[in-house]
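Here is a short briefing on a predicted model.

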Amino acid sequence: MSGIIEIRKIPRSRWRRKLSSERAFDSFLQLAMLTGTLLLWEWLSTALHAEFWVSRPSSVAQAMLVWARSGNLASDLKLTLTEAGIGFLIGSLAGAIVGFLLGWVDRLGRLFEPLVLSLYTLPKVALAPLFVLWFGIGPLNKIMFSALLVFFMVFFTTFQGTRQVDRDLVANARLLGASPMSIWFKIAIPFAAVWVFTGIRIGLPYALIGAIVGEFVAADSGVGFRIKEATSFFDTSAVFAGLIVLMAISMVLLGLLKLIELRLMRWQNPGDIITTEIGA
Amino acid sequence: MSSMVSNPRLEVPTTAAPDMARENLIHFDAVTAKFGQLHAMGPTTLSVRRGEFVAIVGPSGCGKSTLLNMVAGTLRPSSGSVHYDGQQVAGPNSDVGYITQKNYCVPWRTVEGNVRMPMEFRGVARAEMDERVKYALAQVGLTGFERAYPKQLSGGMLQRVMIARTLAYGPSVYLMDEPFGSLDAQLRTRMHAKLLEIWQKTQATFVFVTHDLQEAITLADRVVVMSRRPGCPKLVVDINLPRPRDVVDIQADPAFGAYVKQLWHALDVD
Ligand SMILES: Nc1ncnc2c1ncn2[C@@H]1O[C@H](COP(=O)(O)OP(=O)(O)O)[C@@H](O)[C@H]1O
Ligand SMILES: [Mg+2]
């Protein structure tokens with residue numbers, strides 16, 4: 001008996017080429033839509049005299065330039081990113097560990113289920129003022145708030161996912177000779193890792209939300225503070241400049257996450273289905 | 001050649017004496033299984049000798065899988081006892097290789113990694129592990145698929161990964177629960193030949209559950225027919241066909257046909 005690998009045959013080069021030309025065209029379309037939107041925005045806001053409400057791209061660019069020139073953009077960005085980053089690390093680590101433990105150890109899961117359920121629907125943003133009380137108005141407050149939001153996202157996902165582990169798989173591993181230690185390290189943790197990753201992907205944007213909301217509530221610098229300050233001065237252009245900075249950060253973060261996931265979770269999307277014929 | 005088991009208690013002593021334990025690797029003693037109100041199996045008394053190939057057939061739901069679960073120690077009898085190698089089975093029995101239709105591959109490991117896993121659990125040396133993985137995959141015709149992930153494989157291939165995995169760590173008893181159900185007829189026949197070869201080579205004990213009479217007769221030294229639920233051994237037939245067997249030619253043996261007929265009636269007149 002010998003296995004003959006026969007990857008599903010598709011005239012690969014041809015449809016790859018077709019695909020890549022389609023992709024190139026799509027990118028072009030996206031760029032065109034973006035430019036169109038910006039032009040339309042510029043034109044409409046001038047034509048309708050709505051600049052006070054929606055600003056316009058050229059003013060936003062100018063506001064951005066002013067922000068950058070003052071040196072505040074760099075320091076605001078640095079502060080907000082640091083808060084969100086540290087909050088993210090703390091929140092996802094704690095969420096992963098607690099979610100895993102409650103999800104894996106049935107007894108703990110049952111014990112804490114009422115608490116978990118009652119926290120699930122609680123609007124976490126409502127805790128922001130309390131955090132000012134606890135952690136002051138400095139960066140620690142934003143870090144903790146950001147950590148809290150990320151914690152819940154990672155925790156819930158990991159908890160729900162890890163709970164679904166097939167108990168038969170564990171029983172089978174015991175028959176295969178696995179010690180409790182091996183079951184933790186070779187079955188439980190790899191299994192949970194998938195869900196931790198899912199949780200992290202969902203939770204990442206919340207790190208930023210946490211920092212920004214924290215800055216909205218009480219701060220003297222940071223991207224969130226700048227947006228709030230600009231709003232109080234009715235400086236719509238500066239508000240939009242802040243929003244665009246946030247969008248840019250989000251996109252960079254998501255790209256980063258995708259990269260990590262692709263490397264670590266190759267098995268989830270390993271490529272073609274293999275069909276086989278067994279040679280006699 | 002065959003013996004009606006009118007009172008199973010009479011056939012084997014109720015307590016496994018030391019000399020019995022030496023010869024009998026597995027001994028079920030008046031074992032029953034109840035799941036709540038459902039009386040699923042028994043009382044069953046049955047012994048499996050060391051190195052024997054026993055096949056168990058019977059209508060579905062009569063407790064065949066239940067019997068295997070008890071040997072594996074994943075299920076406790078409601079009454080009676082199961083002895084393995086002279087010891088009462090009290091918890092997961094890692095001496096067994098348990099192959100069911102269910103796929104227990106972990107999706108984050110490659111084929112090779114999955115086959116390796118039980119050997120890692122058992123602390124087999126790395127070099128030996130590599131060698132055994134290679135051998136086991138070759139035995140089931142999966143050479144060349146070492147790097148594939150479970151997601152990429154068909155059901156029949158995953159089933160063969162399960163077999164390779166068991167083969168690689170070399171348990172002293174193979175519990176097989178309809179293991180070839182997902183394979184096509186041709187591959188099934190090949191696996192029969194392979195299984196007999198493995199059995200002969202390893203001298204392991206096989207308890208093989210199937211609903212396919214031909215399969216049972218082809219492989220086994222002894223076929224146990226279970227009655228309808230609550231199931232218990234109704235007929236035990238010694239298969240006196242010559243060994244080593246050719247899994248194709250043997251079906252043409254007139255004695256083979258006679259066994260099929262005999263077992264078929266036992267199953268049917270339930
Ligand atoms: N864990 C369980 N809980 C409840 N009922 C079960 C369980 N395991 C088996 N049964 C029931 O016991 C009976 C025998 O099951 P099984 O041994 O799987 O039969 P089979 O001979 O088809 O392998 C069936 O009716 C099945 O539904
Ligand atoms: Mg069954």
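Trp134(A) is exposed in this predicted model, because its relative accessible area is 53% and the exposed class starts over 50%. Its partner in an aromatic pair is Phe135(A). Phe135(A) counts as partly exposed, at 26% relative accessibility.

**Aromatic pairs**
- The structure holds 21 aromatic pairs over all chains.
- Tyr174(B) and Phe206(B) are stacked instead, with 0° between the planes and 4.4 Å centre to centre.
- Tyr174(B) counts as buried at 3% relative accessibility, and Phe206(B) counts as buried at 0%.
- Back in chain A, one aromatic cluster includes Tyr120(A), Phe151(A) and Phe159(A).

**Fold of chain A**
- Chain A has eleven helices and two strands.
- Its pattern along the sequence is β-α-α-α-α-α-α-α-α-α-α-α-β.
- The radius of gyration is 25 Å, well over the 19 Å from the globule rule for 280 residues, so chain A is more spread out than a compact globule.
- Its C-alpha atoms fill a box of roughly 80 × 60 × 30 Å along the principal axes.

**Surface and charge of chain A**
- Of its 280 residues, 37% count as buried.
- Chain A exposes about 16,500 Å², and carbon and sulfur atoms supply 70% of that area.
- It carries 25 positive and 18 negative side chains, and the centres of the two sets lie 7 Å apart.

Terms used. Residues are numbered from 1 along each chain as its sequence is written. Chains are lettered from A and ligands numbered from 1 in the order in which they are written. Side-chain values use heavy atoms; hydrogens and water are left out. Helices (H or I, at least four residues) and strands (E, at least two) are DSSP runs, numbered from the N terminus. The radius of gyration is taken over C-alpha atoms; the globule rule is 2.2 Å times the number of residues to the power 0.38. Buried means under 20% relative accessible area, exposed over 50%, partly exposed in between (1.4 Å probe, protein chains only). Accessible areas come from the Shrake-Rupley method with a 1.4 Å probe; for residues, only the protein chains shown count as cover. Lys and Arg count as positive and Asp and Glu as negative; His and the chain ends are not counted. The place of a charge is taken as NZ of Lys, CZ of Arg, CG of Asp or CD of Glu. Rings of Phe, Tyr and Trp (its six-membered ring) pair if their centres lie within 6.5 Å; planes under 30 degrees apart count as stacked, over 60 as edge-to-face and the rest as tilted.
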